Amino acid sequence: MSGLDSLPPLARVIAAHGLSARKSLGQNFLLDLNLTSKIARQAGDLSGCDVLEIGPGPGGLTRGLLLEGARRVLAIEKDTRCLPALNEIAEVADGRLEVINGDALDIDPLAHLTPPIRVVANLPYNVGTELLIRWLTPRDWPPFWQSLTLMFQREVAERIVAVPGSKAYGRLALLAGWRATPRIVMHLPPGAFTPPPKVSSAVVHLTALAEPRYPADPKILEQVVARAFNQRRKMLRAALKGAAPDIEDRLLAAGIQPTDRAETVDLERFCALARRMPGGSEA
Ligand code: SAM
C-alpha cells in the first residue's frame with residue numbers, strides 16, 4: 001500500500017479538520033476518490049508533467065492527481081483551514097506535492113513549475129471563468145500550459161464549446177476555440193458534490209494549439225468580440241459603431257455583412273475583422 005492509499009477517507013478528513021463548506025469560497029467538495037481519479041485521468045498522461053491545481057480544498061482531486069502519477073502537483077488554496085489536511089497528503093507524497101496558501105488570482109505560479117505543465121481544477125465558477133480567460137489570452141503563444149482540465153457549471157461548459165448560431169455561442173467559445181481545442185469530457189450531477197450545488201457541472205478539457213487557428217492580435221480580437229457580443233441581438237454595424245471609423249467597410253472586408261449579428265459570425269471572420277481594426281495587421 002502506498003502512503004497515499006493509507007490516508008483516511010475524505011469525509012473523515014473533513015470532520016477531523018472542521019472543514020464545513022463555506023459558500024463565500026464556492027466550496028462544493030468531491031469526496032469520492034474513484035471520481036477524482038477519473039477526473040485526473042481526463043487531463044491525460046500526468047507522469048511526465050507538473051500539475052497546477054487551483055483550489056484543492058480538502059484534497060480529493062489532489063489525491064487523484066498524485067495517484068494517477070503526476071510528477072509534481074502545485075496546489076494553491078485560499079482557505080487556511082484546508083492546509084493541515086493538504087499537509088497530511090504532502091507528508092506521504094514523496095516530495096511530489098507543494099501547497100501554497102493564497103488567492104490564485106494574485107499568485108504567479110510559474111516560478112514553482114517546470115514544463116510540461118497541465119492545469120487541473122475544481123474551482124468556484126466565477127474564479128474559474130476569470131482564470132480561464134487569463135490563461136487563454138496571454139500576449140505570447142504557446143502558453144505556459146499544455147492543457148487545462150476544469151470543472152464548470154454545465155451552462156458555462158456549454159458556452160466554452162458552443163458553435164456559431166447557437167444560443168451559447170459567444171466570447172468564451174471564440175477565445176477557447178482560437179488557440180485551443182475545447183471538449184466536454186465529463187458531466188457531473190449536483191449529488192457528486194458535498195454539499196450539492198444547485199446546478200449540474202461538467203469538466204472541460206482544453207488542449208493548447210501550437211499556433212492560433214487564425215492570425216490576430218489577442219487584445220484587438222478580445223475587444224472586438226467583447227463589443228460584438230455585448231449587444232448580441234444588434235446588427236454588427238450598430239454593435240460595433242464607434243469601435244473604428246468606416247466600420248461597415250471593415251466588416252465587409254472581413255467577409256461579414258454589416259447586418260449580421262455576432263452570434264452568426266465564425267472565428268475565422270472575427271479574426272479577419274480584428275486584423276482590419278485600427279492597430280491590426282491589415283488595417
Ligand atoms: N478541489 C476540491 C474538491 O474538488 O473537492 C475543492 C473544490 S471547491 C469547489 C473550490 C475550492 O477552491 C475551495 O477549496 C476554495 O476554498 C478554493 N478557492 C476559492 N477561491 C479561491 C481562490 N481565489 N484561490 C484559490 N483557491 C480558491
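Strand 1 (29–30), helix 3 (60–67) and strand 3 (72–77) each contribute at least two residues to the shell around the ligand, where helices (H or I, at least four residues) and strands (E, at least two) are DSSP runs numbered from the N terminus. The structure is a predicted model, in which local features need pLDDT of at least 70 and side-chain atom pairs count only at pLDDT 80 or more, while totals for chains, interfaces and linings use all residues. Residues are numbered from 1 along each chain as its sequence is written.

Of the 24 residues around the ligand, those that come nearest are Phe29, Gly55, Gly57, Ala104 and Asn122; a residue is near a molecule if its C-beta atom, placed from the backbone, lies within 6 Å of it. The make-up of this shell is as follows.

| Class of residue | Residues in the shell around the ligand |
|---|---|
| nonpolar (Ala, Val, Leu, Ile, Met, Phe, Trp, Tyr, Cys and Pro) | 13 residues |
| polar (the others, Gly among them) | 7 residues |

Helix 5 (residues 125–136) has 12 residues and reaches 16 Å from its first C-alpha to its last, close to the expected 16 Å, the expected span being 1.5 Å times one less than the number of residues. Within helix 5, Gly128, Leu132, Trp135 and Leu136 are buried, a residue being buried if 20 or more other C-beta atoms lie within 10 Å of its own, exposed if 12 or fewer, and partly exposed in between, with C-beta atoms placed from the backbone. These four residues lie on the same side of helix 5 because they cover an arc of only 90° around the axis, as judged by the directions from the helix axis to the C-beta atoms. Asn126 and Arg134, on the other side of helix 5, are exposed. The cover over the buried residues of helix 5 includes strand 5 (117–122), strand 6 (147–153), helix 7 (171–179) and strand 7 (180–188).

Helix 7 is itself largely enclosed by the rest of the structure, because 8 of its 9 residues are buried. Its buried residues, among them Leu172, Trp178 and Arg179, pack against helix 5, helix 6 (154–160), strand 7, strand 9 (201–208), helix 8 (218–230) and helix 11 (267–276).

Gly44 is found in the loop between helix 2 (33–42) and strand 2 (50–54), and Gly44 is partly exposed, with 16 other C-beta atoms within 10 Å. Leaving aside neighbours within four places in sequence, Gly44 is in contact with Arg118 and Ser147, contact meaning that the C-beta atoms, placed from the backbone, lie within 7 Å.

Definitions and conventions:
Two residues are in contact if their C-beta atoms, placed from the backbone, lie within 7 Å.
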